[in-house]
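Please examine the sequence and the three-dimensional structure shown below.

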Amino acid sequence: MSARKSAEPSPEGIARLNRQRLAAQEGAQAMADAEKQAVDVRKNMARLRELREAKEAADATLQASLPAASPTKRKRKPPQ
């Protein structure tokens, strides 16, 4: 006797296929969300880097425009 597969899937098989389909959809959505978040993080990092570099450049020009501080002589401690 040979056991033939029936043409109609069983309820367990249908449930399994639905779970697999849902898992695949959720996985694809999770991957898309993670990629979008990574892109957003990279954009924010680039924005913050530009702000930091602009501030550092402004600080450097301000420092260059100020007169150089002359070193002061150290005062001798009075003997005790």
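How many helices and how many strands does the protein have? The protein has one helix and zero strands, where helices (H or I, at least four residues) and strands (E, at least two) are DSSP runs numbered from the N terminus. This is a predicted model, in which local features need pLDDT of at least 70 and side-chain atom pairs count only at pLDDT 80 or more, while totals for chains, interfaces and linings use all residues. Residues are numbered from 1 along each chain as its sequence is written, and side-chain values use heavy atoms, with hydrogens and water left out.

**Overall form**

The C-alpha atoms of the protein fill a box of roughly 115 × 40 × 20 Å along the principal axes. The radius of gyration is 35 Å, whereas a compact globule of 80 residues would have a value near 12 Å. This radius is taken over C-alpha atoms, and the globule rule is 2.2 Å times the number of residues to the power 0.38. Within helix H1, which covers residues 11-65, lies Glu56. The C-alpha atoms of Glu56 and Arg19, 37 residues apart along the chain, are separated by 55 Å.

**Surface**

Of the 80 residues in the protein, 1% are buried. Buried means under 20% relative accessible area, exposed over 50%, and partly exposed in between (1.4 Å probe, protein chains only). The protein exposes about 8,400 Å², and carbon and sulfur atoms supply 58% of that area. Accessible areas come from the Shrake-Rupley method with a 1.4 Å probe; for residues, only the protein chains shown count as cover.

**Salt bridges**

Side chains of opposite charge can pair when their charged atoms come close. A salt bridge is a side-chain nitrogen of Lys or Arg within 4 Å of a carboxyl oxygen of Asp or Glu. By this rule the protein has four salt bridges, among them those in the table.

| Salt bridge | Closest N and O atoms |
|---|---|
| Arg42 and Glu35 | 3.6 Å |
| Arg52 and Glu56 | 3.7 Å |
| Lys55 and Asp59 | 3.1 Å |

Arg52 and Glu56 are separated by about one helical turn because they are four residues apart in helix H1. Lys55 and Asp59 are also four residues apart in helix H1, so about one helical turn separates them.

Is Lys55 buried or exposed? Lys55 is exposed, with a relative accessible area of 54%, whereas Asp59 is partly exposed at 37%. Arg52 is partly exposed at 43%, and Glu56 is partly exposed at 46%.
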